Amino acid sequence: MSVTIQQLPTSPNLVNNDLLYVLTSNKTSEAQFQFVCDIKDKDNNLIQRIKQQPNPSAKAVFNTGQIMTGYFSHTDRVWEAAIPTANTGSGLEYNVVFGEEYASSVSTSVELYDGIQNATTGSPALSGSDYLFDLYGVNETPFDLNNWNWNSGSKYQEELTDDVSFNHQFGLTNFNTSSIYGGDYHTISLLNGNVDGGAPKSGSAQDVAFVKFREYDSAGTLLATNEQENLTLRTSMASQLWVNVYTSQSQATRLTHFGVGPQNLGDDGISLNANTAYYVVTFHPQATDGGINDAGIWGTYRFDLGDCSGFTPQRFAWKNVYGVWDYFNFTKAKNVQSSIDRKEYTQTFVDYSTTTNSVPYDIARRGRVNHYNDITKQRQANSDWLTQTDADNLREMFFSADVYLYEPNYGWVPVIITDASITERTNDLSQKVFQYAVNYNMAVGQYSRQ
């Protein structure tokens with residue numbers, strides 16, 4: 001072998017991280033030598049070629065992370081998904097292959113070699129994995145990385161598909177409990193299937209096949225149970241076990257978005273009981289009889305229903321560190337302050353450009369003419385008192401580059417978070433609680449007045 005991959009990124013990963021390859025070769029002493037890196041999409045089409053000369057230690061370091069951010073479209077707009085929905089833009093499947101080029105002398109033309117065998121010409125072909133699958137996210141701090149890689153074991157682990165028992169918390173969110181209202185949309189996304197970069201496996205996967213909804217009253221009595229099937233990979237749960245579909249996995253099926261808010265459920269014909277105080281959402285694999293394996297749990301999430309009679313919460317959605325959506329309701333005062341940037345000029349009442357034989361006193365000339373008003377509305381959302389956990393999770397909204405607000409008359413509209421302030425209170429038990437005041441502008445402002 002000519003080129004050797006000494007280090008490579010893991011799959012799944014977060015594309016905004018540094019995704020590093022370290023290469024060596026036994027041909028670096030050849031004339032005009034360069035390592036060649038080809039990045040190919042899920043259909044094996046070349047999307048970028050990068051060349052690099054060896055460093056003084058005869059090695060090359062390629063960082064594909066910041067390159068691949070440019071090939072994501074946008075986070076999937078799945079806020080109102082009524083049924084489990086396949087990935088389109090929040091996760092990207094691709095491959096990275098390596099080769100080398102060199103010449104017989106400094107004056108002759110270089111030849112491209114596949115990197116697998118000595119002196120075998122051809123396009124780069126050496127790869128450390130069958131594919132890579134990256135989410136459109138980022139680690140909040142480098143200290144969370146594992147040898148430059150996302151610690152994906154916190155959200156992804158394959159299990160046997162033969163009715164085994166397990167209990168994980170693999171939803172791509174840090175909110176395990178949320179307060180929610182009757183008309184709210186909410187989604188939770190999970191990695192699905194085989195996502196480790198290797199060949200598909202018939203007997204193990206993170207097979208998120210079902211989502212179950214259990215409703216409870218204020219005393220904790222079970223009122224109702226509903227479930228949905230994840231048919232992004234299968235066409236029928238009853239007739240298709242994992243072993244029947246594992247070879248059909250794709251970029252679209254390796255990440256699934258589940259609509260779990262009251263309005264998402266209502267849009268799928270699932271109405272919450274009038275006495276429901278909270279409901280619990282659990283994600284499960286398929287059992288060997290085609291039904292739901294209740295003993296296997298990919299994640300458990302609780303939603304506390306509130307009453308918003310008399311006020312309208314401000315509900316935000318933002319792209320979190322995993323590249324999918326988190327949500328939160330601000331339930332306290334909503335403030336709006338308008339600022340106006342005025343442009344004007346001054347003219348006399350005397351029309352020196354008159355075309356008649358007189359100059360009338362024309363009040364329409366105004367004197368001071370206001371010809372342009374640029375109006376900016378600074379809005380503020382205020383939270384209720386928050387626990388330390390919710391306060392920490394909510395900070396992601398302030399760092400996110402993709403934030404939306406739900407407006408009842410318009411749906412989800414983009415906003416820009418300008419700044420936030422925090423009030424801290426310590427109660428008699430020395431437990432700290434926090435309150436946020438968030439200032440934001442609509443990303444699309446009002447039309448100027450002319």
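Here is a short chat about a few side chains in this predicted model.

Visitor: Let's start with N149. Where does N149 lie?
Guide: N149 is in the loop between β10 (132-135) and β11 (159-160).

Visitor: Is N149 buried or exposed?
Guide: Buried, because its relative accessible area is 8%, and the cut-off for buried is under 20%.

Visitor: And what does the side chain of N149 make a polar contact with?
Guide: With the side chain of N13, at 3.1 Å. Apart from neighbours within four places in sequence, N149 is in contact with L8, P9, T10 and N13.

Visitor: Switching to rings: how many aromatic pairs does a search of the whole structure find?
Guide: The search gives 27 aromatic pairs. One of them is F175 with F328, a tilted pair at 6.3 Å centre to centre with 40° between the planes.

Visitor: Which parts does that pair tie together?
Guide: F175 sits in the loop between β12 (166-167) and β13 (177-180), and F328 in strand β23 (residues 325-330), so the pair joins parts 153 residues apart in sequence. Both F175 and F328 are buried.

Visitor: What about Y181 and F311?
Guide: Y181 and F311 form an edge-to-face pair, 6.1 Å centre to centre and 90° between the planes. Y181 is buried at 12% relative accessible area, whereas F311 is partly exposed at 32%.

Visitor: Which residues do ring pairs link into a cluster?
Guide: The cluster holds W79, Y185, W325, Y327, Y404, Y406 and W412.

Visitor: Last one: where does the charged end of R254 sit?
Guide: Over the ring of Y131, 4.1 Å from its centre. R302 also lies over a ring face, that of Y278, at 3.8 Å from the ring centre.

Methods: Residues are numbered from 1 along each chain as its sequence is written. This is a predicted model: local features need pLDDT of at least 70, side-chain atom pairs count only at pLDDT 80 or more; totals for chains, interfaces and linings use all residues. Side-chain values use heavy atoms; hydrogens and water are left out. Helices (H or I, at least four residues) and strands (E, at least two) are DSSP runs, numbered from the N terminus. Buried means under 20% relative accessible area, exposed over 50%, partly exposed in between (1.4 Å probe, protein chains only). A polar contact is a pair of N or O atoms within 3.5 Å; within protein, one must be able to donate a hydrogen and the other to accept it, and residues adjacent in sequence count only if both atoms are side-chain atoms. Contact means heavy atoms within 4.5 Å. Rings of Phe, Tyr and Trp (its six-membered ring) pair if their centres lie within 6.5 Å; planes under 30 degrees apart count as stacked, over 60 as edge-to-face and the rest as tilted. A charge sits over a ring if NZ of Lys or CZ of Arg is within 6 Å of the ring centre and within 35 degrees of the ring normal.
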